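Please keep the sequence and the structure in view while reading.

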Amino acid sequence: AFPHEAATAPRIPSTRLALHHFDTSYSLHLGALWPSVRAGLLCEQKYGALLNNFAAADHVPQELELLNATDFVSEAPQKAQQWQRGVAVGEVARGCQEGSGDGRTAIQAEMMTQAEMSPPLCASISSKIKCYTFPRGDIARFRPARPDAAGLLDYYLMDAASLLPVLALNVQPDDFVLDLCAAPGGKTLALLQTGFCGHLAANDVSVSRTKRLYQILHSYVPKEVRDTVSVTSYDGRDWDQVKGGTFHKVLVDVPCTTDRHSAMEEDNNIFHKRRTKERQVLPMLQLQLLVAGILAAKPGGEVVYSTCSLSPLQNECVVERALDIAEAQFSISIHVEDLSHFRTLFQDTFAFFSGCRLGELVLPHLTANFGPMYFCKLRRM
């Protein structure tokens, strides 16, 4: 080839760079599970319909149930109680199950033992949040949301796994809640659906992304409820300088490698060559945001850290370092809350990874193609 022809090498698509990166690191981390997770990442994502409690949409549950969708949140405790009753019956049944070719049976057996130990599981789940999903293996799509007479949309379509960090936060009446990295706004909306936020501070460093957040609030939330929300655009890392130690509940849903987007979409892809540096400093940014979130919480307050990545470097490792820094630099001791009952509760809806040192991780799976979604709950002592 002539020299001038070779000057620009063909640009490798960012999605291919992302997949190559994932193949290298996740095949180590997830082992034999990786091919199945990889297939899930590359197939159409599954959605849930988060019902808008502020809209006049009483007909919607019935409409969705006719399509064979169910509210996975309210369904979970009922199923858990059935399992708990079934556990007493069933060492024998468990032996039989191991042989069926379902692939989830050994995991289910482990779940059963967890269910035996766990407290009444319903206690920790907000019944106000309703999210409809189609059953495992059903890849039907939801119709687009429709407005009610007042112009409020009847539901919000989102990855149903994104609700898990909000459910884990377990907002109680009159809690002061901070959503530190709130845009585009799905989790913010879910926090409001609990009906319990005494005040909600929704912050995102990106002004363009907070525009999207405003849009969602206007499309879904009546003015009297919007007035309890303050939307800001601070750099979340500096939040403790704004309002330290004031919140009962803090959600830290950090920027990450957004694995599903990175594997599928060229635009705005963090694996683009020009964004290499930005990608490399992500764990540092995540750590700073989580520490800021911990400092924003009152003593006794709770913090949920979440990402939509499979990477332990962005998940457990960030949490572990944040615990060290909180202790060493701020003399704050943190208790990591056990969320393994979520695995029991929601095993019918999501595929969970059983190998997290800390927190829980939803794995994409062809029959339940939600996630990835990592979440870990901390209590500031």
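When neighbours within four places in sequence are left aside, P184 is in contact (heavy atoms within 4.5 Å) with R209, R212, L213 and I216. P184 sits in the loop between β5 (175-179) and α9 (186-193), where helices (H or I, at least four residues) and strands (E, at least two) are DSSP runs numbered from the N terminus. With a relative accessible area of 39%, P184 is partly exposed; buried means under 20% relative accessible area, exposed over 50%, and partly exposed in between, with a 1.4 Å probe and protein chains only.

G186 is found in helix α9 and is buried, with a relative accessible area of 9%. Its contacts, again leaving aside neighbours within four places in sequence, are L50, Y156, M158 and I216.

## Basis of the model

This is a predicted model, in which local features need pLDDT of at least 70 and side-chain atom pairs count only at pLDDT 80 or more, whereas totals for chains, interfaces and linings use all residues. Residues are numbered from 1 along each chain as its sequence is written, and side-chain values use heavy atoms, with hydrogens and water left out.

## Annotated binding site

An unreviewed UniProt entry places the feature "binding site" at C181, A182, A183, P184, G185, G186, K187, D204, D235 and D253; such annotations may be inferred rather than shown by experiment. Of these residues, C181, A182, A183, P184, G185, G186, K187, D204, D235 and D253 are included in the lining of the largest pocket. A pocket is an open set of points on a 1 Å grid over the protein atoms alone, where a 1.4 Å probe fits, with protein on both sides within 12 Å along at least five of seven lines, and lining residues have an atom within 4 Å of a point.

## Cysteines

The structure holds zero disulfides (pairs of cysteine sulfur atoms within 2.5 Å). C376 is in no disulfide, and the nearest cysteine sulfur, that of C356, is 8.8 Å away. C376 counts as buried at 1% relative accessibility, and C181 counts as buried at 10%.
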